[in-house]
Amino acid sequence: MLDRQVVKEFLEEEFEDAGIEIPKGISKKSLVETFCEYIEDDYYEWLTDNFKSFFNHNHPEWKWIREKIKYYSE
């Protein structure tokens, strides 16, 4: 789901800014992949929670949803 190259570049910049060095025995490729999978797991949980909230636990309040559509369309 995530663009691994973008994440790699992001991590490189953040590590440089923070003065973090990847220790020996951890490859940059495996670190990027693991970080991506970590984010994707969290992202799925976040989507699930927001789905429940937005659609009122499978009882959508369509008037409220219409208001949100109008708000975000402006």
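**Entry 1. Burial of Glu40**

I count a residue as buried when its relative accessible area is under 20%. I needed that cut-off for Glu40, which has a relative accessible area of 18% and is therefore buried. I note at the outset that this is a predicted model. Glu40 belongs to helix H2, where I also found Val32 and Cys36 buried. The three sit four places apart in number, so I recalled the helix rule. An α-helix has 3.6 residues a turn, so residues three or four places apart point the same way.

**Entry 2. Length of H2**

I looked up the ends of H2 and got residues 28-54. That makes 27 residues, which at 1.5 Å a residue should span 39 Å. I found the end C-alpha atoms 38 Å apart, which agrees.

**Entry 3. What H2 packs against**

Next I asked which helix the buried residues of H2 pack against. The partner is helix H1, residues 4-18. I took the angle between H1 and H2 as about 105 degrees, with the axes 10 Å apart. I therefore call H1 roughly perpendicular to H2.

I then listed the residues that meet. From H1 I have Arg4, Val7, Lys8, Leu11, Glu12 and Phe15. From H2 I have Lys28, Leu31, Val32, Glu33, Phe35, Cys36, Glu37 and Glu40. I sorted the residues of this contact by type and got seven nonpolar, seven charged and no polar. Val32, Cys36 and Glu40 of H2 are on the contact list, and I had already marked these three as buried.

**Entry 4. Salt bridges**

With charged residues in the contact, I went looking for pairs. Side chains of opposite charge can pair when their charged atoms come close.

The side chain of Arg4 meets that of Glu33 in a salt bridge, at 2.9 Å from N to O. This pair links distant parts of the chain, with Arg4 in H1 and Glu33 in H2, 29 residues apart. Arg4 is partly exposed, at 26% relative accessible area. Glu33 is partly exposed as well, at 30%.

Arg4 also has a salt bridge to Glu40, at 2.8 Å from N to O. Again the link runs between distant parts of the chain, from Glu40 in H2 to Arg4 in H1, 36 residues apart. Glu40 is the residue I opened with, buried at 18%.

Lys28 forms a salt bridge with Glu12, and I noted 3.0 Å between the closest N and O atoms. Here too the partners come from distant parts of the chain, Lys28 in H2 and Glu12 in H1, 16 residues apart. I looked up both values. Lys28 is partly exposed at 37%, and Glu12 is partly exposed at 29%. Back to shared partners: salt bridges join Arg4, Glu33 and Glu40 into one network.

**Entry 5. After H2**

I moved on past the end of H2. The helix is followed by Asn56, whose phi is positive. I read that phi as near 50 degrees, in a residue other than glycine. Asn56 has its place in the loop between H2 and H3. Buried, exposed or in between: where does Asn56 fall? At 30% relative accessibility, I count Asn56 as partly exposed.

I found a positive phi at His57 too, near 50 degrees, and this residue is likewise other than glycine. His57 lies in the loop between H2 and H3. I count His57 as exposed, at 53% relative accessibility.

**Entry 6. H3**

Last, I looked up H3, residues 62-73. How many of the residues of H3 are buried? I found one of the 12, so I logged H3 as lying largely in the open.

Terms used. Residues numbered from 1 in each chain as written. Predicted model: local features only at pLDDT ≥ 70, side-chain atom pairs only at ≥ 80, totals over all residues. Heavy atoms only, no water. Helix = DSSP H or I, 4+ residues; strand = E, 2+ residues; numbered from the N terminus. Expected span 1.5 Å × (residues − 1). Buried < 20%, exposed > 50% of the residue type's maximum accessible area, 1.4 Å probe, protein only. Contact = heavy atoms within 4.5 Å. Axes fitted to C-alpha atoms, helices over the stretch in contact; angles between N-to-C directions. Parallel < 35°, antiparallel > 145°, perpendicular 65-115°, else oblique. Nonpolar A, V, L, I, M, F, W, Y, C, P; charged D, E, K, R; others polar. Salt bridge = Lys/Arg side-chain N within 4 Å of Asp/Glu carboxyl O.
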